[in-house]
Amino acid sequence: MRLHTTTWKCRNSDRLQRLMDAAAARGPLHPVIMDIGPGAASTLWMYVHPPGKTREWKLGQRIRGGLARLGDSVVRSLPFGSLCCPELEEVYALSTGLQPRRIDVVDIEPRVLRAASKVARHSHDDTLFRFHRIDVSAGPLPLTADLVIAYQVIERTADPQSTLRTIAAAVRPGGLLSVVTSLSIEGMNKIENGLWARPASIT
């Protein structure tokens with residue numbers, strides 16, 4: 001089966017940093033983090049692929065990026081080949097100051113989850129991570145978290161609005177959602193572009 005999801009280093013690092021900064025300022029302490037659809041890429045071609053956003057690349061980086069994306073596409077089309085999960089690596093690295101209680105990784109692709117499991121092994125704290133094979137477009141998630149991350153996921157589904165509602169519903173009261181979408185989110189307050197907060201419950 002062809003692996004459709006991909007990612008690369010620093011693709012969303014600015015969004016992740018804003019999320020972690022907001023979480024540090026607002027709480028909660030020791031959050032549960034959920035990374036939905038982190039994607040994966042060829043370990044070999046990741047070394048060739050320039051980091052960051054394509055709009056910021058110079059000509060040489062664009063050529064390298066095109067070559068790396070082509071090679072990566074070939075590897076991902078095969079049922080074998082070493083894959084890495086740079087988004088989860090960044091989530092783990094940037095969240096250490098928050099001392100998360102748990103990091104849940106959600107994806108429908110077994111190969112993505114296997115690539116993500118390498119991050120857990122290399123972290124020397126693999127009890128921090130849990131991996132869940134779930135189709136987020138299929139209905140309510142059996143998980144909730146204080147910080148929910150979903151980049152380049154929603155618009156890839158057949159019903160983006162329904163998928164967004166499912167993802168947003170997984171955010172606990174007082175929690176934060178970092179997402180790439182042009183859609184609005186009911187029941188949440190927009191902090192800035194791509195960053196939303198669920199109001200805390202009134203007790």
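Which residues does Leu147 touch, not counting residues up to four places away in sequence?

1. The model discussed here is predicted. In it, Leu147 is in contact with Leu19, Met20, Ala23, Pro31, Val32, Ile33, Met34, Leu98 and Leu176, with residues up to four places away in sequence left out of the list.

2. Leu147 and Leu88 have the most contacts inside the largest nonpolar core, which has 29 residues. At least two residues of this core come from each of α1 (13–26), α4 (86–95), β4 (102–107), α5 (110–123), β6 (145–150) and β9 (195–197). The element that gives the most is α5, with 6 residues. Apart from this core lies another, of 23 residues, and Val32, Ile36, Val136 and Val153 are among them.

3. The largest cavity holds about 60 Å³ of space. Its lining is made of 11 residues, and those nearest the centre are Thr7, Ala41, Met46, His49 and Asp72. Two or more lining residues come from each of β2 (41–42), α2 (43–46) and α3 (59–77). Of the elements, α3 gives the most to this lining, with 3 residues. By class, the lining of the largest cavity divides into 5 nonpolar, 4 polar and 2 charged residues.

4. The second largest cavity has about 30 Å³ of space. Arg15, Arg18, Leu19, Ser178, Asn193, Gly194 and Leu195 line this cavity. Here α1 gives the most, with 3 residues. The lining of the second largest cavity has 2 nonpolar, 3 polar and 2 charged residues.

5. Aromatic pairs: the count comes to 2. In one of them, Tyr92 and Phe129 are tilted, with 5.6 Å centre to centre and 45° between the planes. Tyr92 lies in helix α4 and Phe129 in strand β5 (residues 129–133), so this pair ties together parts that are 37 residues apart in sequence. Tyr92 counts as partly exposed because its relative accessibility is 22%, and buried means under 20%. Phe129, with a relative accessible area of 5%, is buried.

6. Phe129 also pairs with Phe131; these rings are stacked, at 6.3 Å centre to centre and 5° between the planes. Phe131 is partly exposed, with a relative accessible area of 31%. Tyr92, Phe129 and Phe131 form one aromatic cluster.

Note on methods:
Residues are numbered from 1 along each chain as its sequence is written. This is a predicted model: local features need pLDDT of at least 70, side-chain atom pairs count only at pLDDT 80 or more; totals for chains, interfaces and linings use all residues. Side-chain values use heavy atoms; hydrogens and water are left out. A nonpolar core is a set of buried Ala, Val, Leu, Ile, Met, Phe, Trp, Tyr and Cys residues joined through side-chain atoms within 4.5 Å. Buried means under 20% relative accessible area, exposed over 50%, partly exposed in between (1.4 Å probe, protein chains only). Helices (H or I, at least four residues) and strands (E, at least two) are DSSP runs, numbered from the N terminus. Contact means heavy atoms within 4.5 Å. On a 1 Å grid over the protein atoms alone, a cavity is a set of points where a 1.4 Å probe fits but cannot get out, and a pocket is an open set with protein on both sides within 12 Å along at least five of seven lines; lining residues have an atom within 4 Å of a point. Grid points are joined across faces, edges and corners, and a volume is the space filled by probe spheres set on the points. Ala, Val, Leu, Ile, Met, Phe, Trp, Tyr, Cys and Pro count as nonpolar, Asp, Glu, Lys and Arg as charged, and the others, Gly among them, as polar. Rings of Phe, Tyr and Trp (its six-membered ring) pair if their centres lie within 6.5 Å; planes under 30 degrees apart count as stacked, over 60 as edge-to-face and the rest as tilted.
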